[in-house]
2 protein chains.
Amino acid sequence: MNLDALYSELTLKPTAKVALVVLDGVGDIATREQGYLTPLEAAVTPNLDALAKDSAQGRLIPIAPGITPGSGPGHLGLFGYDPLEFQVGRGVIEALGLGLELKAGDVAARANFCTIDAKGIVTDRRAGRIDTKVCEELCALLAQKVTKVGDAEVIIKAGKGHRFVVIFRGKGLEGPLADADPHREGFAIPQATPVDPKSAKAKKAAKLVAEFYKAALPIIAQKKPANGFLLRGIAHQPEIPLFKDRYGMRPACIAVYPMYKGLAQLVGMTKLEGSQTIAEEFERYLAEYDNYDYFFIHFKYTDMYGEDGNFAAKKKAIEEFDAALPILLRKKPDVLAITGDHSTPCAMKGHSWHPQPVMLQSLCSGSDKLQRFTETGANSGSLGIIEAKYLIRLMQANAKMFDKFGA
Amino acid sequence: MNLDALYSELTLKPTAKVALVVLDGVGDIATREQGYLTPLEAAVTPNLDALAKDSAQGRLIPIAPGITPGSGPGHLGLFGYDPLEFQVGRGVIEALGLGLELKAGDVAARANFCTIDAKGIVTDRRAGRIDTKVCEELCALLAQKVTKVGDAEVIIKAGKGHRFVVIFRGKGLEGPLADADPHREGFAIPQATPVDPKSAKAKKAAKLVAEFYKAALPIIAQKKPANGFLLRGIAHQPEIPLFKDRYGMRPACIAVYPMYKGLAQLVGMTKLEGSQTIAEEFERYLAEYDNYDYFFIHFKYTDMYGEDGNFAAKKKAIEEFDAALPILLRKKPDVLAITGDHSTPCAMKGHSWHPQPVMLQSLCSGSDKLQRFTETGANSGSLGIIEAKYLIRLMQANAKMFDKFGA
């Protein structure tokens, strides 16, 4: 039997408030150089400690052993969508990250400005890493001149440096397409072709991409050094079952950064905008407490400082988070999960595959008798070391949202 | 999505040296009679202890909960091949164990000399457990008289006691065949028949087996007590994806016993022959360090003494292994995994299903803050209690051989 179908069948109406608090990339590793402590272990966290005493703990494998996730699959897993089943194209993630609102059927592509020679050969895939300001000017020019190709609307938005995003909004489109990118210098830009040659919708999308090149390239042909562009990760927004249908809870997202709002929007969460700090995010939760059943609250800085390899700053970010926690606890969620979407070890300056620690608290979570919330403690917690996609099921169970299976 | 396909897609070129060190059957259980200590716990292991401080630990389920593996599936799992997907016939394992080199398409059978009466009824399935010497004489006689059946070459090799191996080397053959063995006394030897009746190749193999019986039985008909033989586990060497293609690493095997060299050969590892002791095996690793990316180093004695139920000797074997370990560490592998292929508890005098402990060390393994490498400690390690087939994926991740999944 399909497990998701079983969960659905057993699902009861929510009578509890459920909150998922994500400290992005919070998981870390203890190394000799760091005195065998992780940032979570080194941080002073009286409020997390107090919660730990009445919590169950464990660790979450984001995807599968050894696989390092991007933010997209990391969050989809926490939202209970198997990241291997629900794959989201890089163009879509990039568009979400720039705050673009995608509609069903939109095909999105990550784009780079590049340099091409007179014969159309790519001589620099990043056009000498042009300034963001130059990129914005070029994008404004293209957006002004190319608003449609065929029967599809074209939306262009600048990112950082040489990066931008192109969206094709029309009828009967789908991805994925193979990249219009030779992936190395010295070759011409290949045509974007359907990954599935039998898909008529992908064929149409490929035709639109070709027309876009035809219309856009002449406009920047005389620019230096960015006189061409590459399109990659060309894909449509996948069909994802709506969160409220799948779990029977009204979901809300409280996040600061566009990428995470975008990922929440992908599964149909309501975005509660306007917060800038974690304190404001918790205040917003309090204000909206009665309006939703499930709150996804995102804290970015643990990941950011992990990426920088800045142990002290990651530790401090955790302490700042901890200091704000009492605001959330003014109306304590009936079920509270605190975890990461993956680990971002300072020693690695990037995302990793190490399972992130998770702490789950409710009236029926039980206590694992751990005094703190740490990676090492979580190793011996009662939740075990499990795939991240099961977290929401444990949250639903703690919210008493599942009927008994069998007599 | 198929997980192995995903791992393949994410695999990058190796830039690190990776070593899998297998202490065969090292896992054990703590019993009252043994003072609640396992051999690993009782042994004095300063070098393993030193490694443990900077390692991640966990336990590996060889196949599935409760399933006790033979050496074949035990090692295939460690090599990352799901032992349920890649099944190797017992005839093939037995042939490998006797040091025979199998070729693609060879069909191999485990054989027993037995005693049959005038009507062809099996009266003793092991012919009174004849001496190895008698077995060798009978095999030599058969090998001399029966070199071919049909268009296939016949290769016969004696094992221990009443055991031997028969290989059919010809065109268009495959297994598996049902055993030419009644599995109990008082019945005639059944014909070996194809497990898949639709397989023409298996039909041909069955015909050759019947012809072999016709040719061979009369030769030993007057011998006592071994005047017949049974053929079991009749199968061909399965198609197994080559290790170097599957993982992108050049693999080498350093082992003393033929069985383990044979299993390594099954997946295409280069066999580095000639070592007799673990110290020599580690020296060989040092000598070949630059020539391979992945080293499988096998230590037999932990299993052997576990099978004997000899706690003191198993403990001593671990201490001898530990004493040799500094040789390996002269050129420390970038990623080092130390584990067993299964447990062989002294109290059980045989293989068991208990997950074997594993210790994984690299610059990004992190430390689980365990002071030693033991079964009980490994229970609370960050790797969790996972299927053995994932170990190689964790080793690849620690070698930074995987690209990020998703954006």
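Before I turn to the structure, one definition: axes are lines fitted to C-alpha atoms, for helices over the stretch in contact, and angles run from 0 to 180 degrees between N-to-C directions. Helices (H or I, at least four residues) and strands (E, at least two) are DSSP runs, numbered from the N terminus.

This is a predicted model, in which local features need pLDDT of at least 70 and side-chain atom pairs count only at pLDDT 80 or more, while totals for chains, interfaces and linings use all residues. Residues are numbered from 1 along each chain as its sequence is written, and chains are lettered from A and ligands numbered from 1 in the order in which they are written.

I'll start with a pair of helices in chain B. Helix 6 of chain B, residues 132-145, packs against helix 7 of chain B, residues 200-220, at an angle of about 130 degrees, and their axes are 10 Å apart. Angles under 35 degrees count as roughly parallel, over 145 as roughly antiparallel, 65 to 115 as roughly perpendicular and the rest as oblique. Helix 6 and helix 7 of chain B are therefore oblique to each other. Which residues make the contact? Helix 6 of chain B gives Leu138(B), Leu141(B), Leu142(B) and Lys145(B), and helix 7 of chain B gives Ala216(B), Ile219(B) and Ile220(B). Contact here means that the C-beta atoms of two residues, placed from the backbone, lie within 7 Å. For classes, Ala, Val, Leu, Ile, Met, Phe, Trp, Tyr, Cys and Pro count as nonpolar, Asp, Glu, Lys and Arg as charged, and the others, Gly among them, as polar. The contact of these two helices of chain B has 6 nonpolar residues, no polar ones and 1 charged.

Next, the sheets. Strands of a sheet pair through backbone hydrogen bonds, either parallel or antiparallel. Two strands pair here if DSSP finds at least two bridges between them. In chain B, 8 strands form an open sheet with mixed pairing, in the order 10-9-11-1-12-13-2-14. Its edges are strand 10 (270-271) and strand 14 (384-387) of chain B, each pairing on one side only. Inside that order, strand 1 (residues 18-23) and strand 11 (residues 294-299) of chain B pair in the parallel sense over 6 bridges. There, Leu23(B) stands opposite Phe299(B) of strand 11.

Chain A also has an open sheet of 8 strands, with mixed pairing and the order 10-9-11-1-12-13-2-14. Strand 9 (residues 251-254) and strand 10 of chain A run parallel, joined by 2 bridges. Ala252(A) is opposite Thr270(A) of strand 10 of chain A.

Now the two chains together. How many residues are in contact? 36 residues of chain A touch 25 residues of chain B. On the chain A side, the elements that give two or more residues are helix 4 (71-78), helix 5 (90-97), helix 13 (375-379) and strand 14 (384-387). That side has 19 nonpolar, 12 polar and 5 charged residues.

Copies are superposed by least squares on the C-alpha atoms of residues with pLDDT of at least 70 in both. Chain A superposes on chain B by a rotation of 126 degrees with 0.1 Å of shift along its axis, at an RMSD of 0.4 Å. That is the relation of a three-fold axis. In chain A, the C-alpha nearest the axis belongs to Ser380(A), 2.8 Å away. The copies use different surfaces, as 6% of the contact residues of chain A recur in chain B.

Last, some backbone details. Most residues other than glycine have a negative phi, and most peptide bonds are trans. A cis peptide bond joins Gly175(A) and Pro176(A), with omega about -5 degrees. Pro176(A) is in the loop between strand 7 (163-169) and helix 7 (200-220) of chain A.
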